[in-house]
Amino acid sequence: MAAYTDSGAARRDAAVRAAVEQGLVSPSTPLAALLDTTGIRASAAALRAAFDAVTAPGTPVLHAFAVKATPLVPVLRLLHREGIGMEVASPGELALARAAGVPPSRTVLDSPAKTPSELREALALGIAVNADNPQELARIDALVGSASTRSPLGLRVNPQVGGGSIGALSTATATSKFGVALRDEGAREWVVRAYLDRPWLTRLHTHSGSQGMPLELMARGVAEAYGLAEEINGRAGRRQVDTLDIGGGLPVNFGSDDHTPTYEEYARLLASTVPGLFDGRYGLVTEFGRSLLAKHGVVLARVEYAKSAGGRAIAVTHAGVQVAARTVYAPESWPLRVAAYDAKGRPKTGPEVIQDVAGPACFAGDLLAEGRSMPLLEQGDYAAALDTGAYYFAHHYGYNSLARPAVHGFGPDGDGGVRFATVRAAQTIDELVAESGGAYTEGLLGGAPE
Ligand SMILES: *Cc1c(COP(=O)(O)O)cnc(C)c1O
């Protein structure tokens with residue numbers, strides 16, 4: 001029993017055990033990533049329900065998953081099946097969404113550096129596009145002038161409400177690189193005129209949140225965008241802006257198994273801060289990424305060696321910078337929980353010992369966790385890096401030519417056990433050589449001037 005409960009932790013424990021028993025991890029396959037499909041579906045349902053509860057009946061709402069958070073085609077396919085659209089920010093991400101069968105009508109393109117050919121393709125497909133800046137808007141002017149498009153078109157603004165605790169992820173600071181900085185001299189008037197001059201500009205976009213951002217500040221950013229839409233519509237004398245894209249950025253709790261803050265809390269806060277946004281006059285687009293996937297992924301790594309240095313216990317595992325680059329390079333901003341399992345995949349108990357959980361890469365800072373108190377990891381055990389379903393193992397970093405691990409989805413087998421499905425196969429060593437110029441071995445030898 002307990003294999004399929006509402007508890008993400010219980011599902012994870014069952015999956016780790018099954019992964020060991022079914023040989024997904026082993027001495028010869030010491031690293032794998034696992035994705036909890038039950039949890040992913042529950043998060044998608046919670047997102048939909050949270051906004052359903054605060055929007056007027058009949059309001060069009062598109063929840064577009066920020067593909068960058070987990071760019072894996074089967075994950076996008078699962079989310080699409082659960083009623084979630086896609087937010088893409090590169091030709092690659094657009095291709096992944098299309099490979100997953102997500103239609104243009106449920107896709108939004110947002111990147112800060114779109115080329116003319118990307119814009120042309122998006123408009124030809126009818127994908128919603130949010131322009132980042134005046135130069136991009138000029139490119140769209142030319143395209144709209146020369147061909148008809150079904151693409152809903154918008155402009156991204158930066159409400160400049162301030163940043164959160166992680167500078168690199170703060171999108172709404174005074175000097176953020178994204179969107180039109182609304183509080184800069186003359187900017188607001190320029191934006192209003194841009195809309196009045198372009199009857200086809202019908203959406204307004206802001207993405208004010210990110211990990212480390214307080215919900216109140218996110219809501220203030222959304223309120224700024226709403227106020228601007230009201231101003232534009234007032235000056236236009238019609239409902240020109242018909243849809244607000246409020247971005248994503250709900251922070252994730254990396255400190256425990258609790259899903260906090262919840263979509264429900266954020267939707268309620270938005271509804272009380274910006275009531276007009278939900279009264280049915282505006283369609284809504286959201287773009288959540290991390291909060292949909294983070295808690296549903298685990299990196300499972302075998303402890304190759306257990307040693308001690310200077311009195312510190314060190315577990316040398318196969319999960320390090322290649323699967324958790326942010327944590328290894330910025331551990332203060334991105335601490336991860338690490339759970340200890342024994343060689344059979346059972347949760348380890350026993351006295352807690354201060355230890356380092358190290359990765360396989362050849363630099364001293366390659367640590368998943370430093371000075372962490374947990375049951376002692378021993379040779380042959382498994383270390384699990386938790387909450388890594390977004391922005392971790394799907395964002396492989398090629399240091400030391402360490403191969404990308406397989407990603408396995410897991411769910412109930414209908415018989416009280418766990419069934420796995422391949423999401424991404426492990427990168428083979430041959431593929432690694434090929435991707436590293438293996439076809440051009442002689443490339444630097446011939447044809448060069450003497
Ligand atoms: C990254 C990003 C998101 C998703 O942010 P999360 O913090 O993963 O929810 C949404 N919209 C835009 C424009 C983004 O760049």
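Helices and strands here are DSSP runs, with a helix taking at least four residues and a strand at least two, numbered from the N terminus. Keep that in mind as we walk through this chain, which is a predicted model.

Let's start with the stretch covering residues 60-293. An unreviewed UniProt entry annotates it as "domain: Orn/DAP/Arg decarboxylase 2 N-terminal". The span is 38% helix and 16% strand, and its end C-alpha atoms lie 24 Å apart.

The peptide bond running from Thr260 to Pro261 is cis, and its omega is near -10°. Why point that out? Because most peptide bonds are trans. To find Pro261, go to the loop that links β9 (243-245) with α9 (263-273).

Next along comes a second annotated region. The unreviewed UniProt entry lists residues 295-389 as "domain: Orn/DAP/Arg decarboxylase 2 C-terminal". Here the chain is 5% helix and 45% strand, and the end C-alpha atoms are 6 Å apart.

Now for the ligand. Where does it sit? You'll find the ligand in the largest pocket. It has 14 residues around it, and the closest are Lys68, Gly249, Glu287, Arg290 and Tyr391. What kinds of residues make up this shell? Three are nonpolar, five are polar and six are charged.

At Tyr391, an N or O atom of the side chain is 2.6 Å from a ligand oxygen. Arg290 uses its backbone instead: a polar atom there is 2.8 Å from an oxygen atom of the ligand. Gly289 also takes part through a polar backbone atom, with a ligand oxygen 2.9 Å away. How much of the ligand does the protein bury? On its own the ligand exposes 390 Å², and the protein buries 92% of that.

One last stop is Asn400, in the loop between β16 (382-385) and β17 (406-412). Its phi is near 60°, a positive value in a residue that isn't glycine. That's worth a glance because most residues other than glycine have a negative phi.

Key: Residues numbered from 1 in each chain as written. Predicted model: local features only at pLDDT ≥ 70, side-chain atom pairs only at ≥ 80, totals over all residues. Heavy atoms only, no water. UniProt positions renumbered as here; feature names shortened; annotations may be inferred. Near = heavy atom within 4 Å. Polar contact = N/O pair within 3.5 Å; in protein donor to acceptor, adjacent residues only side chain to side chain. Areas by Shrake-Rupley, 256 points an atom, 1.4 Å probe, with all protein chains shown as cover. 1 Å grid on protein atoms, 1.4 Å probe; cavity = no way out; pocket = protein on both sides within 12 Å on 5 of 7 lines; lining within 4 Å. Sits in = over half its atoms within 2 Å of the grid points. Nonpolar A, V, L, I, M, F, W, Y, C, P; charged D, E, K, R; others polar.
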